[in-house]
Amino acid sequence: MVTKIDPRALVRASGGPRYAVALAVDALGTGLLRPFLLLYGVTVLALSPAATGVAMTVGVVVGLVCMPGVGRWLDRGARSTVVAASMLVRLLGAVLLLVTPAGDVWVFGVAALLLGVGNQAFPAAHAALVATVAHGRERDAALAGARSLRNAALGVGALVAMAALAGGPGAMQVLAAGTGMAYLVAAVVAWSVHVHADPSAGAAEEGGDVTGMWGLLAANVVYVFCLNVPEIALPLVLVTHLDASPVWSAVIFVANTVLVVTLQVPVTVAMSRLSRRTVLALAGVVLAGSYLGFLAASALGPWAVAVVSVVCTLGEILYAGSATALVTVLAPPRVLGRALARFELSSGFGLAVSPAVITGLAAHGPTALWGGLAAATLLSATAVTRDRSASATPVSGTR
């Protein structure tokens, strides 16, 4: 059990100083462009919003289709190589953006596809690398630390990009070039770590039962909706139902980022006294409670919504600190890559369908939106606790 935070030990468990630098540079580059990719297609390439959106969606979907191949590659022992490859694929996407002729939606689509493939492959490759160099609860803290680091770098990149947007299309092209350079540097540094796993490793140190993995994956599809609540659900409710200023949405989004950066590691360490499965179920209860809180807050005003958003962020932190860690415990080493790929596939699917589900429910009013999300999340939390693999006896760390 991890009871205190040692920054140096945390960096070592996360892959070492060089790998931490690679993570930060990669996230900084992603923050420069990813939130504004739609604007790039519309303003720089003169594409219609509809065509740009379709191209970006296709990129995400194809990225999901590639995940089984990423999992098999990881199960052959590759670790830092796959991480670097996910960065290089996105580098190619950024370069292609720079050479895309105005009005050419097909070349833009290929660029979006490459960015989508890299974005989908990275989380599984990163989790597999951390699972190789760290063990037990130290692994959980390392995954949490990496998430905090990446969120901080993403935020810095997005702030730089927002300041540069005033420069018009030319500035956006500079941002794309900066993104490409960041991916190149990150890929070289990540590859230099040279982390490789033995594909013939024996039994997992903490069990290795994947009996109930499918139940966990199904629950994860619903859990991951919480990541789009600050970006989609809350702005929609604040603007359309409360007639609030868009500033409230920005404040809530910034607060969410700051809380994740500052609390992800301390909360994950504090929760190490409980099993990962218990923490994941608790995350579902907290998230469901926050959704019902949003329902009540929608009758009070934007300030109440902002207060409840803190509870929602806490649920997100509990979810992020336990879900991936639980997968690394349940999966035997020989299929760790495929297990993580399936988990990221479920996350990607949930993130892909959540905008349509959220907007569809919101069209029927706040009760349908928040009540539906709360019921689905509570059902998922129940499924996590009833998972057949929960009866397995943990070996050197509670699940």
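Is Ala46 buried or exposed? With a relative accessible area of 59%, Ala46 is exposed (exposed means over 50% relative accessible area, buried under 20%, and partly exposed in between, with a 1.4 Å probe and protein chains only).

1. Basis of the model. The model is predicted: local features need pLDDT of at least 70, side-chain atom pairs count only at pLDDT 80 or more, and totals for chains, interfaces and linings use all residues. Residues are numbered from 1 along each chain as its sequence is written, and side-chain values use heavy atoms, with hydrogens and water left out.

2. Overall fold. The protein chain holds 16 helices and zero strands (DSSP runs numbered from the N terminus, with H or I of at least four residues for helices and E of at least two for strands). Its radius of gyration is 20 Å, close to the 21 Å that the globule rule gives for 399 residues, so the chain is as compact as a globular protein of that length. The radius is taken over C-alpha atoms, and the globule rule is 2.2 Å times the number of residues to the power 0.38. Along the principal axes, the C-alpha atoms fill a box of roughly 55 × 50 × 35 Å. Of the 399 residues, 52% count as buried.

3. Helix H14. This helix covers residues 302-330, and its 29 residues should span 42 Å at 1.5 Å a residue; the end C-alpha atoms are 41 Å apart, which agrees. The expected span is 1.5 Å times one less than the number of residues. H14 is mostly covered, with 23 of its 29 residues buried.

4. Aromatic pairs. The structure holds three aromatic pairs (rings of Phe, Tyr and Trp, the last by its six-membered ring, with centres within 6.5 Å; planes under 30 degrees apart count as stacked, over 60 as edge-to-face and the rest as tilted). One of them is the stacked pair of Tyr223 and Tyr319, at 5.6 Å centre to centre and 15° between the planes. Tyr223 lies in helix H10 (residues 213-223) and Tyr319 in helix H14, so the pair ties together parts that are 96 residues apart in sequence.

5. Phe294 is buried at 1% relative accessible area, and Trp370 is buried at 1%. Together with Tyr291, these two residues form one aromatic cluster.

6. Positive phi values. Most residues other than glycine have a negative phi. Ala46 has a positive phi, near 60°, and is placed in the loop between helix H3 (37-44) and helix H4 (49-65). Asp243 also has a positive phi, near 50°; its place is in the loop between helix H11 (229-240) and helix H12 (246-270). Asp243 counts as exposed, at 68% relative accessibility.

7. Nonpolar surface. Leu88, Met181, Leu184 and Val188 make a nonpolar surface patch of about 350 Å². Patch residues have over 30% relative accessible area and no salt bridge; nonpolar side chains (Val, Leu, Ile, Met, Phe, Trp, Tyr) are joined within 5 Å, and like charges within 9 Å. A salt bridge is a side-chain nitrogen of Lys or Arg within 4 Å of a carboxyl oxygen of Asp or Glu. Helix H9 (residues 169-191) gives the largest share of the patch, three residues. Met181 is found in H9 and is exposed, with a relative accessible area of 51%.

Terms used
Accessible areas come from the Shrake-Rupley method with a 1.4 Å probe; for residues, only the protein chains shown count as cover.
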